[in-house]
Amino acid sequence: MGCYNSIVVNAAADKVWTALRDFHDLSAFPNVIENVDIVGDATGTQIGAKRVLNGAFHETLLALDDDARVIRYSIDDGPEVLAKDSVSGYVGQVQVFPVTNGDASFVLWTSSWDNSNGDVAEFCNPIYQALLGDLKASPS
């Protein structure tokens, strides 16, 4: 069970990674993320940082690796099939790879979960596609 979404962004991997690595800064996604509520005192680059996206998606930062350009997070609660009583063990991961031919990046956004009461992929894939579309349109 999982989601797999990817895109090629016409910007260097370091630039794209800079736009993604702060868990509290989602300015790279202006057409999808309307607001980010920071929960707790952890900064956006500290493991355990928490946020609520668009008043609905409760997430926690699980891992941040600048060398591998990867961020991993959990969705702890959310709307519909992502509600805490509908899905368990949801983990998302975003990783940025340099494209060797040119000054571009390959961005891979995946997720997995242990079990669910609904079609999580059907719900999440359009969201991830929209997020990646925003990132491609204007990497910060």
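## Report on the predicted model

In strand S4, the bridge partner of Lys50 is Thr60. The structure described here is a predicted model. The pairing of Lys50 with Thr60 belongs to the contact between strand S3 (residues 50-53) and strand S4 (residues 57-65), which run antiparallel and are joined by four bridges.

**The sheet**

These two strands are part of an open sheet of seven strands, paired in the antiparallel sense and ordered S1-S8-S7-S5-S4-S3-S2. Strand S1 (2-9) and strand S2 (36-39) form the edges, each pairing on one side only. From one strand to the next, the twist averages 25°. Strands of a sheet pair through backbone hydrogen bonds, in either a parallel or an antiparallel arrangement.

Further along the sheet, seven bridges join S4 to S5, and these strands run antiparallel. Within this pairing, Leu64 has Ile71 of S5 as its bridge partner. The hairpin of S4 and S5 has four residues between the strands, and Arg69 takes a positive phi near 55° there. S5 in turn pairs with S7 over five bridges, again in the antiparallel sense. Val70 stands opposite Gln95 in S7.

Phe106 is found in strand S8. With a relative accessible area of 27%, Phe106 is partly exposed. Leaving aside neighbours within four places in sequence, the residues in contact with Phe106 are Tyr4, Ser6, Ile7, Val8, Gln95, Val96, Phe97 and Val99. By contrast, Phe106 and Ala49 are 26 Å apart in space, C-alpha to C-alpha, and 57 residues apart in sequence.

**The helices on the sheet**

To return to the pairing of S3 and S4, four bridges hold these strands together. Helix H1 (residues 13-20) packs on the sheet, where it touches S1, S4, strand S5 (70-77), strand S7 (91-99) and strand S8 (104-112). The direction of H1 makes about 155° with that of S7. Helix H2 (residues 120-137) also packs on the sheet, touching S1, S4, S5 and S8. The direction of H2 makes about 15° with that of S1.

**Salt bridges**

Side chains of opposite charge can pair when their charged atoms come close.

| Asp14 | Arg69 | 2.9 Å |

Asp14 forms a salt bridge with Arg69. Because Asp14 lies in helix H1 and Arg69 in the loop between S4 and S5, this pair ties together parts that are 55 residues apart in sequence. Arg69 has a relative accessible area of 17% and is buried, since buried means under 20%.

**Cavity and pocket**

The structure holds one cavity of 30 Å³ or more. The volume of the largest cavity is about 120 Å³. Among the residues that line the largest cavity are Ala19, Leu20, Phe23, Phe29, Ile71, Tyr73, Val94 and Trp109. The elements that give two or more residues to this lining are H1 and S5.

The largest pocket has a volume of about 180 Å³. Its lining consists of 16 residues, of which Leu53, Glu59, Ile127, Tyr128 and Leu131 lie nearest the centre of the pocket. S3, S4, S5 and H2 each supply at least two residues of the pocket lining. The largest share, four residues, comes from H2.

Key:
Residues numbered from 1 in each chain as written. Predicted model: local features only at pLDDT ≥ 70, side-chain atom pairs only at ≥ 80, totals over all residues. Heavy atoms only, no water. Pairing = 2+ DSSP bridges. Axes fitted to C-alpha atoms, helices over the stretch in contact; angles between N-to-C directions. Contact = heavy atoms within 4.5 Å. Salt bridge = Lys/Arg side-chain N within 4 Å of Asp/Glu carboxyl O. Buried < 20%, exposed > 50% of the residue type's maximum accessible area, 1.4 Å probe, protein only. 1 Å grid on protein atoms, 1.4 Å probe; cavity = no way out; pocket = protein on both sides within 12 Å on 5 of 7 lines; lining within 4 Å. Points joined across faces, edges and corners; volume = space filled by probe spheres on them.
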